[in-house]
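Reader: Could you take me through this model before I plan my reading of it? I would like to begin with the overall arrangement.

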Amino acid sequence: MKKTLVLILLPLFFHQLLSQTEDLELKAINAAVESVYSAISFDANKKADTNVLRAVFTEDAFLKSYRGGELQRFEIGSYIDSYDELLKSGSFEAIIEKEIWGKTEYFGKIAHRISTYELYYNDTKNRSEIGVNSFQLVKMDGKWRVSSVIFDVETDQLKIPTQYLGNND
């Protein structure tokens, strides 16, 4: 009887343990993405933190954007340096970028998060832009780091699909 009970409960225990591990991985991946949004966002009460960007991206990370209709590529180091210069110029009182929907998938040490975002420049009540970021992440030295971000913005000709505007996973 005890052997039968152990044989029944043991798989349930391992299933629960595996589920908890998966939940921790998803939380860590999502936290890395949230760190990006938080680090680039600032207003009168909060400063942008490009040091966080340097920490959360891999050294060879890049960004690709279709903003403006043409594919543009940025090395992460030069992007962060340009962002630092923008911050120092005082051109903006606030830049707020925040996720409004997202979904994460991962396998082993690679991950992907599709993330719909809203962007606000100076006026934090009127959205300046909405778009979709595609984050690719890798697990290095026990930490999830962003290796690339590819994004596009909504236009009159390119609307964000309704499934990218639903509840977060």
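Reader: What is the order of the strands in the open sheet?

Author: In this predicted model, the order is β2-β1-β6-β5-β4-β3, an open sheet of 6 strands with mixed pairing. Strands here are DSSP runs (E, at least two residues), helices are DSSP runs of H or I with at least four residues, and both are numbered from the N terminus. Two strands pair if DSSP finds at least two bridges between them.

Reader: Which strands stand at the edges?

Author: β2 (72-75) and β3 do; each has a single partner strand, so one side of each is left without a neighbour in the sheet. On average, neighbouring strands of this sheet are turned by 20° against each other, direction ignored. Axes are lines fitted to C-alpha atoms, for helices over the stretch in contact, and angles run from 0 to 180 degrees between N-to-C directions.

Reader: How many bridges join β3 to β4?

Author: There are 12, and β3 and β4 (residues 110-121) run antiparallel. Isoleucine 95, for instance, has tyrosine 121 in β4 as its bridge partner.

Reader: And glycine 102, is it buried or exposed?

Author: Glycine 102 is buried, at a relative accessible area of 0%. Buried means under 20% relative accessible area, exposed over 50%, and partly exposed in between, using a 1.4 Å probe and protein chains only. Glycine 102 belongs to β3 (residues 95-107). Its C-alpha atom is separated by 10.0 Å from that of valine 33, which is 69 residues apart from glycine 102 along the chain.

Reader: Changing topic, which strands does helix α3 lie across?

Author: Helix α3 (residues 76-89) lies across β1 (57-65), β2 and β3, and runs at about 75° to β1. Its 14 residues should span 20 Å at 1.5 Å a residue, and the end C-alpha atoms are 20 Å apart, which agrees. The expected span is 1.5 Å times one less than the number of residues.

Reader: Which residues of α3 are buried?

Author: Ile76, Ile80, Tyr83 and Asp84 are buried in α3. Seen down the axis of α3, the buried residues fall within an arc of 105°, so they line one face of the helix. That arc is taken over the directions from the helix axis to the C-beta atoms.

Reader: What is aspartate 84 in contact with?

Author: Leaving aside neighbours within four places in sequence, aspartate 84 is in contact with Thr50 and Arg54. Contact means heavy atoms within 4.5 Å. Aspartate 84 counts as buried because its relative accessibility is 19%.

Reader: Which residue with positive phi follows α3?

Author: Glycine 90 follows α3, with a phi near 75°. Asparagine 122 is not a glycine, yet has a positive phi of about 60°. Asparagine 122 sits in the loop between β4 and β5 (129-140) and is partly exposed, at 36% relative accessible area. Aspartate 141, also not a glycine, has a positive phi near 50°; it is exposed, at 82%.

Reader: Where is confidence lowest?

Author: Helix α1 (residues 2-40) is lowest, at a mean pLDDT of 73, while β5 is highest, at 98. pLDDT is the predictor's confidence in each residue, from 0 to 100.

Reader: What conventions apply?

Author: Residues are numbered from 1 along each chain as its sequence is written, and side-chain values use heavy atoms, with hydrogens and water left out. As this is a predicted model, local features need pLDDT of at least 70 and side-chain atom pairs count only at pLDDT 80 or more, while totals for chains, interfaces and linings use all residues.
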